[in-house]
Amino acid sequence: MTPSYLTDIIALLVAAVIAVPLAQTLRLGAVPGFLIAGLAVGPYGFGLINNVSDISHLAEIGVVFLLFVIGIELKPSLLWQMRRLVFGLGSLQVLLTAVLIGSIAYFLFDIPSHAAILIGPALALSSTAFVIQLIADQKLINSSYGRSSIAVLLMQDLAVVPLLALVPLLSGPEIKMDDDIWLTLIKSVSIVALVVFVGRYLLHPLLHRVAMSGSREVFTASAVLIVMGTALATEHAGLSMAMGAFLAGMLISDSFYRHQVIAEIEPFRGLLLGMFFMSMGMSLNIGLLLDKPFLSLGLLGLLLLVKMLVLLPICLLFGLKTRVSLAVALILAQSGEFSLVLFSLANKSGLLDTALFQQLLLVVLLSMLATPLLARKAEKLAKSQHGEQHKPEAIAEAPIVLAGFGRVGCNVGEILTRSGKSFVALDADPEIVKRERANGHPVYFGDVRKPEVLISAGATNAQVIIVTINDSKATEEIVASLRRTYPKKHIYARGLGLPQCQSLSDLGANGVVSENLEASLELARMALTDMGVSDAILLDTIDKFRHRYQSLIKRTKLDEP
């Protein structure tokens, strides 16, 4: 008998394979495709999956992995630079939006005060997973628009902690402070401090030992353990799992293992994040929308309008340009996953009745579905020539990426440094990485055979990629993969002889250098110099031989001379 969970997984995969490409064809983006896929297979669609809660618990891990990757890319130094936006812009957005929406709920819709107190700040929160994914797809993470949006999202995530504590207080007969609250606070601070200490002083040596083992599977397991272990620890501290993962990412952001860790996490992140959005789609009660379309759409419009009207002036107040301010207001106008969590807890505790809970859930999900359209307009505003000239997403630290930093790669790096050209190098030998970083070279640990590692190191934005590893098969795999991914990128490679050089040229390398050739030419030059051959004849002979050899590389099935 086929297990029910296997049938559910197949249903989700089939729906995603159909809906996501269709949504991308319609230029809606992948996220609406996942939402539509979830709606189709969920209890309010074709009813193929009814056990939404179990899938939702698993899908929440996707948000955890997403925040971990963002934490790696946002180094602590950058977050400190953003402190004005996080604690200034972010705090004002949460407070003003919460007061305004809460007041509308109480005075205009006659919702009880305890419920309105929670509804205001809950709807003030935007979708961290959704917005960051969209901004990353737009390659605007490091623009003023991207940084400002992320700063607000970080403050909203911080606000989740007191809001989670607010639910039982509002549900109870009276609000009081007792010793348990202070003990919980001390416990939370202690666990976070422990996480920071472990990450600061023990994480890097642990990764070094794992890398020395040479097992890719163990390194993958270690990367997943770092994310999930930190998330679990912070959850016990009373914080969200997503915030714990973000903290773990920041702690590892300065490590030279960061690119390999990102590469190991990326597949989990993409799959589970897609499942998260599908779980949101499963919760969408389409029947309620059909029964009361004008009410639902009116509430949606009111929510988007209120959040934009709050964000636009305070963004201007913090010095953002008009078009950038409007872009931030558009991308953050929706409500998000934490709103759903808060409303679910409030419904279970009796703070929200079922009808109000279903209506709020519908409005939140509709706002998420409307976000891709708003995001496209925000992207145009952020990239407008009359607005801010954005910087592309610059994970890379240099225009040149060296794949391999052994004896050849080290020499190339030295020449680049002497020429005033910066570079980022990757090598799979942790001892080489440790030694060369001690010498001041920008070398990171990473298996260059994995495209995700090269992408994390900045291959997408690099002008030149040089492959110098001493592995013929791996070199060919890397060159072929790079050429498929970057058809117009300048790729140069090291070959071990004419046959391999010809193969690398056929695979798309712009230039190939045979290590055997250069050694032969230099030995011949020294010998002929001792024999008294003139410099002019020697230079002409070597140039002609090198030119002939290069012409042979462009051809196939020729024997090495």
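Helices (H or I, at least four residues) and strands (E, at least two) are DSSP runs, numbered from the N terminus, and on that basis the protein chain has 25 helices and six strands. This is a predicted model, in which local features need pLDDT of at least 70 and side-chain atom pairs count only at pLDDT 80 or more, while totals for chains, interfaces and linings use all residues. Residues are numbered from 1 along each chain as its sequence is written, and side-chain values use heavy atoms, with hydrogens and water left out.

**Chain as a whole**

- Of the 561 residues of the protein chain, 50% count as buried, where buried means under 20% relative accessible area, exposed over 50%, and partly exposed in between (1.4 Å probe, protein chains only).
- The accessible surface of the protein chain comes to about 26,700 Å², and 64% of that surface belongs to carbon and sulfur atoms; accessible areas come from the Shrake-Rupley method with a 1.4 Å probe, and for residues only the protein chains shown count as cover.
- Among the contacts in the protein chain with a separation of 6 or more, 74% are between residues 24 or more positions apart, a contact being heavy atoms within 4.5 Å.

**Parallel strands and their crossovers**

- Strand 4 (residues 464-467) pairs with strand 5 (residues 490-495) in the parallel sense over four bridges, two strands being paired if DSSP finds at least two bridges between them, and Ile-465 stands opposite Ile-491 in strand 5.
- From strand 4 the chain passes through helix 22 (residues 472-485) to strand 5 in a right-handed β-α-β crossover; a crossover is right-handed if, with the strands pointing away from the viewer, the path from the first strand over the helix to the second runs clockwise.
- Strand 5 also runs parallel to strand 6 (residues 511-514), to which four bridges join it, and Ala-493 has Val-512 in strand 6 as its bridge partner.
- Strand 5, helix 23 (residues 498-506) and strand 6 make a right-handed β-α-β unit.
- Gln-500 lies in helix 23 and counts as buried because its relative accessibility is 10%; leaving aside neighbours within four places in sequence, Gln-500 is in contact with Ser-472, Thr-475, Glu-476, Arg-494 and Gly-495.

**Largest pocket and helix 3**

- About 1,000 Å³ of space lies in the largest pocket, which is lined by 32 residues, with Ser-56, His-57, Glu-60, Val-341 and Ser-344 nearest its centre.
- Two or more lining residues come from each of helix 3, helix 8 (144-171), helix 12 (241-252), helix 13 (258-282), helix 17 (337-348) and helix 18 (354-383).
- On a 1 Å grid over the protein atoms alone, a cavity is a set of points where a 1.4 Å probe fits but cannot get out, whereas a pocket is an open set with protein on both sides within 12 Å along at least five of seven lines, and lining residues have an atom within 4 Å of a point.
- Grid points are joined across faces, edges and corners, and a volume is the space filled by probe spheres set on the points.
- Val-69 lies in helix 3 (residues 52-73) and counts as buried at 6% relative accessibility; not counting residues up to four places away in sequence, Val-69 touches Ile-265, Glu-266 and Arg-269.
- The C-alpha atoms of Val-69 and Ala-263 are separated by 9.8 Å, although these residues are 194 residues apart along the chain.

**Other buried sites**

- Helix 16 (residues 322-331) is largely enclosed by the rest of the structure, because seven of its 10 residues are buried, including Val-324, Ala-327 and Leu-330.
- Ser-127, in the loop between helix 6 (113-124) and helix 7 (128-137), counts as buried at 0% relative accessibility.
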